[in-house]
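Hi,

Here is the structure I promised to pass on. Have a look at it first, and then read my notes below.

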Amino acid sequence: LVGAELLCRRHQLIREAYRLSPSSPDYSASDWFMGWGRRRAGQTVQPPLAAYVAEQLKHEASIATESRKAREEKTFKVS
């Protein structure tokens, strides 16, 4: 379904670019036409899911940081 939407948007983008300047079409607004201007890097993931994944990755990173700190402290005490 997303692919069909992107094809339709691309078709509209090309038509608009040629309508404005047939001899030299301008595609400078293509990100907005394609819907990427309001998304990050062409993101097709729903924002709540992206936020959940980011939160989980942040949680895992904090656990890894604390584990690293504990290992360093243990190594420091032994030395």
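E72 and R68 sit four residues apart in helix α3, about one turn of the helix. (Helices are DSSP runs of H or I with at least four residues, strands are runs of E with at least two, and both are numbered from the N terminus.) The two side chains form a salt bridge, with their closest N and O atoms 3.0 Å apart. A salt bridge here is a side-chain nitrogen of Lys or Arg within 4 Å of a carboxyl oxygen of Asp or Glu. E72 counts as partly exposed because its relative accessibility is 45%, and R68 is partly exposed too, at 36%. For those labels, buried means under 20% relative accessible area, exposed means over 50%, and partly exposed is in between (1.4 Å probe, protein chains only).

Before you go further: this is a predicted model, so to speak of local features we need pLDDT of at least 70, side-chain atom pairs count only at pLDDT 80 or more, and totals for chains, interfaces and linings use all residues. Residues are numbered from 1 along each chain as its sequence is written, and side-chain values use heavy atoms, leaving out hydrogens and water.

How confident is the predictor? pLDDT is its confidence in each residue, from 0 to 100. The protein chain averages 80, and 84% of the residues score at least 70. Confidence is highest in helix α1 (residues 2-20), with a mean of 87, and lowest in helix α2 (residues 30-34), at 78.

Back to the salt bridges: the count comes to four. Another one in helix α3 (residues 47-78) involves K69 and E66, which are three residues apart and so separated by about one helical turn. Their closest N and O atoms are 3.8 Å apart. K69 is partly exposed at 43% relative accessibility, and E66 is partly exposed at 48%.

Helix α1 has a pair as well: E5 and R9, four residues apart, about one turn of the helix. Their side chains meet in a salt bridge at 2.9 Å, N to O. R9 counts as buried because its relative accessibility is 16%, whereas E5 is partly exposed at 37%.

One last thing to look for is a nonpolar surface patch made of I14, Y18 and Y27, with about 260 Å² of accessible area together. Patches take residues with over 30% relative accessible area and no salt bridge, joining like charges within 9 Å and nonpolar side chains (Val, Leu, Ile, Met, Phe, Trp, Tyr) within 5 Å. Accessible areas come from the Shrake-Rupley method with a 1.4 Å probe, and for residues only the protein chains shown count as cover. Y18 lies in helix α1 and is partly exposed, at 40% relative accessibility.

Cheers

Conventions
pLDDT = per-residue confidence, 0-100.
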